[in-house]
Amino acid sequence: MNDAVRKLATPGRDDLGVHHREAPSNIEAEQALLGAILVNNDAYYRVSDFLKPIHFHEPLHRKIYELAGDTIRMGKIATTITLKTHLPADGRVGDLTIPQYLARLAAEAVTIINAEDYGRAIYDLALRRSLITIGEDMVNIAYDAPLDMPPQNQIEDAERRLFELAETGRYDGGFQSFNDAVAQAIDMAGAAFERDGSLSGISTGILSLDARMGGLQRSDLIVLAGRPGMGKTSLATNIAYNIAAAYEPEVQADGSFKAKNGGVVGFYSLEMSSEQLATRIISEQTEVSSSKIRRGDISEHDFEKLVACSQMMQKVPLYIDQTGGISIAQLSARARRLKRQRGLDCIVVDYIQLMTGSGKSSDNRVQEITQITTGLKALGKELNVPIIALSQLSRQVENREDKRPQLSDLRESGSIEQDADVVLFVFREEYYVKNLEPRDEFDPKYEEWKMQFEKVKGTADVIIAKQRHGPTGTVKLAFQSEFTRFTDLADPSFSQYEEP
C-alpha cells in the first residue's frame, strides 16, 4: 500500500490533531457596532461610507445592518422596535429569539465612540476573506487547468481581481477638511519655492514648456499626441530622461526617500525595444546620429563620447518595460511594484492604442480605450505620479489643408479627451513643407519653397490644446531630427561630452 494512502486510511495521532482553519471574523466587533447603531443612529454615519452589508461575516448581522441602513436613509429611526417587524419572529439565535437578540445587542452597547474602529476591523477582516477566496480560486483553477484559460490569462485575471479589491478596499476616502486642503496647497507652494526652477510640478527639462505648464503635476494624465513622424516618442523620451537625470533624493523623517528634484521614471515602451530606446537617448545626449551608432559608422572620438555617456546613464533611475500589448491591469500591477521597490515619480506609456483592456476581448474598441484611459487616470491618482500617455491621431488630419491637429483628431477621442488633464500635440511644419519641395530646382516656385523651408527648418510646435491648471497655447521648440532631440530654441547645452 502506498505510504500516502496508508496514512490517509489509518490516520496517526498527528493527523487527528490537525485543526481546520476558519475564515477570519470578529463576531464581537459586529455585535458591538450593531448595538451602537441601535442605541444611536449617528454611529451608522461614521461607517456607512466604507462599510457595506456584505462585509459582515454573520448573515443575520448582515441583514440587521442592511435594514438599519435602509431605515435611517428613509429618515426614520432604527431601533430594536422598528427593525424587529422586518425580521422573522420565529428565528432563533441560540436560546434567544431574534427580537430578544436585538434587545441584547442594544442593552450591551456602551458607546458609539469606537464605532469607526469596529467598522474598520470588520472591513479589514472582510478584505482578508476576499483575499482567501481569490487565493483559493487561483489554486483550484491552476489545478483544473481549463483549456480556455492559459496561465497568462489566469495571471491577468488574478491581477484584475486584486486591483479591483485594492480599489474598493479603501476607507481613506470621503470628505477632507478645508484646513487640510489649504495646508497641502501651502506645502506644495513651499516645495515649488525650494525646487530648481520654482515649479509646482516635476520639470520636463524644457524651460519654455515648464513655463507654460508649471512642470508635470502629480496625479495628472498628460496625453501627448501626434501623427507619425512628428516626434512624439522623441519628445516623451527626452522628457523621461531629463526627469531621471535630474533625480535628487531627499531623506524623509521615516527614513524613506522623496524626490527633491527630478524623479524615478517608469517607461512602458510597447512599440520600441529597450535597446532602440537606449540608442535614441544616447544619440540625443552625445549628438552622435543614431543611424551611425547602429551601423557602427563612428569615429574614435564619437566612441569615447558614447562610453562616457553610458557610464553616466548607468546611474540614471530610468526603468524600461518593453512588453508589447500590455493590459492596463498588468501595467498597474508593475507600476505599483516599481513604486514599492525602487520608488516612482513619473510614468510614460508609448502608446495608448497598443494597450489592451483588462477584461475579455471586446469588439468595441472605443469602450476598451475608455477602460484604458480611465485606468491610467485612476493609477496616476493612486500612486500620486504624473502619467504621460502617447496617442495616435486619426488620418483626417492629412485631408485638411491646415495640418495642425485639433482635439477632435484624437483616435477614439471621446474618452482620451475627457480623462486627460493635459493634451499636448507635437506638430512639425518642416515635415509637411519638405514634402512639397519642387522636383526641379529651376522651378519658379523653388525659391519661394526654399524660403518657407528655411523658416520652419529645425523647429517644432508643442500645442497645449487642453490644460486644467493653466492656459492653452503653443510652445515653439528646436528639433534636431538626426539626434531625435527637442530643446528650447537657441539652447547651447549638450556639450558635456565634448573635449575641452
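Tutor: One term to begin with: helices here are DSSP runs of at least four residues, numbered from the N terminus. Also, this is a predicted model.
Student: Okay, so where is Ala103?
Tutor: Ala103 sits in helix 7, which covers residues 98-108.
Student: Is Ala103 buried, exposed or partly exposed?
Tutor: Partly exposed, because its relative accessible area is 38%, and buried would mean under 20%.
Student: What about confidence, what's the mean pLDDT?
Tutor: The mean is 78, and 81% of the residues reach 70 or more. Over residues 1-14, though, pLDDT stays under 50. Residues 492-500 also stay under 50. Where pLDDT is low, the predicted coordinates should not be read in detail.
Student: Switching topic: how many salt bridges are there in the whole structure?
Tutor: The search finds 10.
Student: Which residue does Arg218 pair with?
Tutor: Asp345, with the closest N and O atoms 3.2 Å apart. That pair links distant parts of the chain, 127 residues apart.
Student: And is Asp345 buried or exposed?
Tutor: Buried, because its relative accessible area is 10%. Arg218 counts as partly exposed, because it has 30% relative accessibility.
Student: Which residue forms a salt bridge with Arg73?
Tutor: Asp70, and their closest N and O atoms are 2.6 Å apart. Both lie in helix 5, 3 residues apart, about one turn of the helix.
Student: Which residues are linked in a network?
Tutor: Lys377, Asp421 and Arg468 are linked in a network of salt bridges.

Methods:
Residues numbered from 1 in each chain as written. Predicted model: local features only at pLDDT ≥ 70, side-chain atom pairs only at ≥ 80, totals over all residues. Heavy atoms only, no water. Helix = DSSP H or I, 4+ residues; strand = E, 2+ residues; numbered from the N terminus. Buried < 20%, exposed > 50% of the residue type's maximum accessible area, 1.4 Å probe, protein only. pLDDT = per-residue confidence, 0-100. Contact = heavy atoms within 4.5 Å. Salt bridge = Lys/Arg side-chain N within 4 Å of Asp/Glu carboxyl O.
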